[in-house]
Amino acid sequence: PEHDGSPLGAAETPSGALLEPLAGDFYGYFELLRPEDAEVVAVLRDFLAREVAPIANRCWADAEFPHHVVRPLGELGVVGHNIDWTGLVPDGPPARSKLLTSFLNLELARVDLSMTSFFSVHNGLSMTSIDLCGSEEQRRRWLPKMRDLSLVGAFGLSEPHGGSDVAGGLETTARRDGDTWILNGEKRWIGNGTFADIVIIWARDLDDDQVKGFVVPQEADGFTTTKIEGKLALRTVQNADITLSDVRVPEADRLQGAQSFSDTSRVLRHTRGAVAWNAVGAQLAAYDLALAYAQEREQFGRPIAGFQLIQEHLTTILGNITASFGMAVRVAQLQDDGVFRDEQAALAKSFSTQRLRESVAHAREVLGGNGILLDHGVAKIFNDAEALYSYEGTREINTLLVGRAITGVGAFV
């Protein structure tokens, strides 16, 4: 039968729970999930609707993080599906598909991009650093506690003077002193940085000039954090400036498999594609808000959903979602197939965050003056979109990554 434009049917999970369809999933991408994976997504969606959605605007306005939801989130069993737990915990399961972990990012982004950032920093950057670069002993020591969020992680790479050129300009230093290392330097924009139990600090070894990774506890002497104030995006995220003054880290806490920036890049390669999924989730949220408003708001005696220009706004958002969704899905599939390339994530991240910017602008227009009010939801997404547009590689840098891949010529300088 001809599709009437309504969302496709709900997916049934092994427990019998239904993963309800989303209005913005016009091509039925959620149907790609296996039933057992759809159940994990359904569990997270239910939790976010109950525990996070009702407080998201207040937390954003107050620039405060809802610490009380962290442990309950850890108890859901949604953390660490990207890791092979065989041998790490009793009856440890193998890693699940990248498609599943990507849909989990999407669900978080639909509710609150700040919570997505918290999850991505911990589950993606921090845990992946230990999983890929840690020894077996280090993986067993830290990862199980991070799996249930009894131990929260952060990732310290960015610096005050280092953005797109951080690979060649890392200023934080590490000096070997017997069985310890002495770290000095500054980090900036570190998500979870004010409250994480451990922070993965990347520093340049003064002896061989290579970048190495260190697991540094929040309470280490000489390790200080300061919350970055005055943000207009991702206000709930507790970004920190970190200062390291002669911080001593035992050799046992140096990531044994991190010997150069190429190892740092391995971590980033695993996480960059997630930003495209975050952009899809945020667009889905903006579409839901704009569509509901258009159906309820009346002008000239009828709902504005019946006006041609409003339908044009909504259709443009839906097209942006669908294109971004398809690109993000394909990136996850390529990762699962083991044939994924950096430039594919770069294109997906750049394209989808550009479409996100455009989509939230259209949604804001649908809401008119109400679009700038926090209570109506779109304003928060509108602001948060600016952060996604810039982090994990700016549009310009990702453009040059793709340009080098398709021409064979680097144009970075």
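Here is a short chat about how some labels in this predicted model are reached.

Reader: Which residues of helix 1 and helix 11 meet?

Author: On the helix 1 side you'll find Ala-56, Asn-57 and Trp-60, and they meet Lys-380, Asn-383 and Asp-384 of helix 11. Sorted by class, that contact has 2 nonpolar, 2 polar and 2 charged residues.

Reader: What makes helix 3 and helix 8 oblique to each other?

Author: The axes of helix 3 and helix 8 (residues 273–296) come within 7 Å and cross at roughly 40°. Roughly parallel needs an angle under 35 degrees, and roughly perpendicular begins at 65, so the pair is oblique. This crossing is right-handed. Among the residues that meet here are Leu-99, Phe-103 and Leu-106 in helix 3, and Trp-277, Val-280 and Leu-284 in helix 8. The contact divides into 10 nonpolar, 4 polar and 2 charged residues.

Reader: How do helix 3 and helix 4 pack, and what is in the loop between helix 3 and helix 4?

Author: Helix 3 (residues 98–111) and helix 4 (residues 113–133) pack at an angle of about 145°, and their axes are 6 Å apart. Helix 3 brings Asn-105, Leu-108, Ala-109 and Val-111 to the contact, while helix 4 brings Leu-113, Met-115, Thr-116, Phe-119 and Ser-120. That gives 6 nonpolar, 3 polar and no charged residues. The loop between the two helices holds Asp-112.

Reader: How do you know whether Asp-112 is buried or exposed?

Author: Look at its relative accessibility, which is 3%. Buried means under 20%, so Asp-112 counts as buried. Leaving aside neighbours within four places in sequence, Asp-112 is in contact with Val-52, Ala-56, Thr-236, Lys-380 and Asp-384.

Reader: Why is Val-43 called partly exposed?

Author: Val-43 sits in helix 1, and its relative accessibility is 34%. Buried stops at under 20% and exposed starts at over 50%, so 34% makes Val-43 partly exposed. Val-43 and Asp-384 are 341 residues apart in sequence and 25 Å apart in space, C-alpha to C-alpha.

Reader: What makes the phi of Leu-149 worth a look?

Author: Most residues other than glycine have a negative phi. Leu-149 is not a glycine, yet its phi is positive, at about 65°. You'll find Leu-149 in the loop between helix 5 (136–147) and strand 3 (153–156). With a relative accessible area of 3%, Leu-149 is buried.

Reader: What about the phi of Trp-189?

Author: Trp-189 isn't a glycine either, and its phi is a positive value near 65°. Trp-189 is found in strand 5 (residues 180–190).

Reader: How many disulfides does the structure hold?

Author: The count is 0. A disulfide is a covalent bond between the sulfur atoms of two cysteines.

Reader: Are Cys-59 and Cys-133 buried or exposed?

Author: Cys-59 has a relative accessible area of 5%, and Cys-133 comes in at 0%. Both values are under 20%, so both cysteines are buried.

Note on methods: Residues numbered from 1 in each chain as written. Predicted model: local features only at pLDDT ≥ 70, side-chain atom pairs only at ≥ 80, totals over all residues. Heavy atoms only, no water. Contact = heavy atoms within 4.5 Å. Helix = DSSP H or I, 4+ residues; strand = E, 2+ residues; numbered from the N terminus. Nonpolar A, V, L, I, M, F, W, Y, C, P; charged D, E, K, R; others polar. Disulfide = S-S within 2.5 Å. Buried < 20%, exposed > 50% of the residue type's maximum accessible area, 1.4 Å probe, protein only. Axes fitted to C-alpha atoms, helices over the stretch in contact; angles between N-to-C directions. Parallel < 35°, antiparallel > 145°, perpendicular 65-115°, else oblique. Left-handed = near helix turned anticlockwise from the far one by under 90°.
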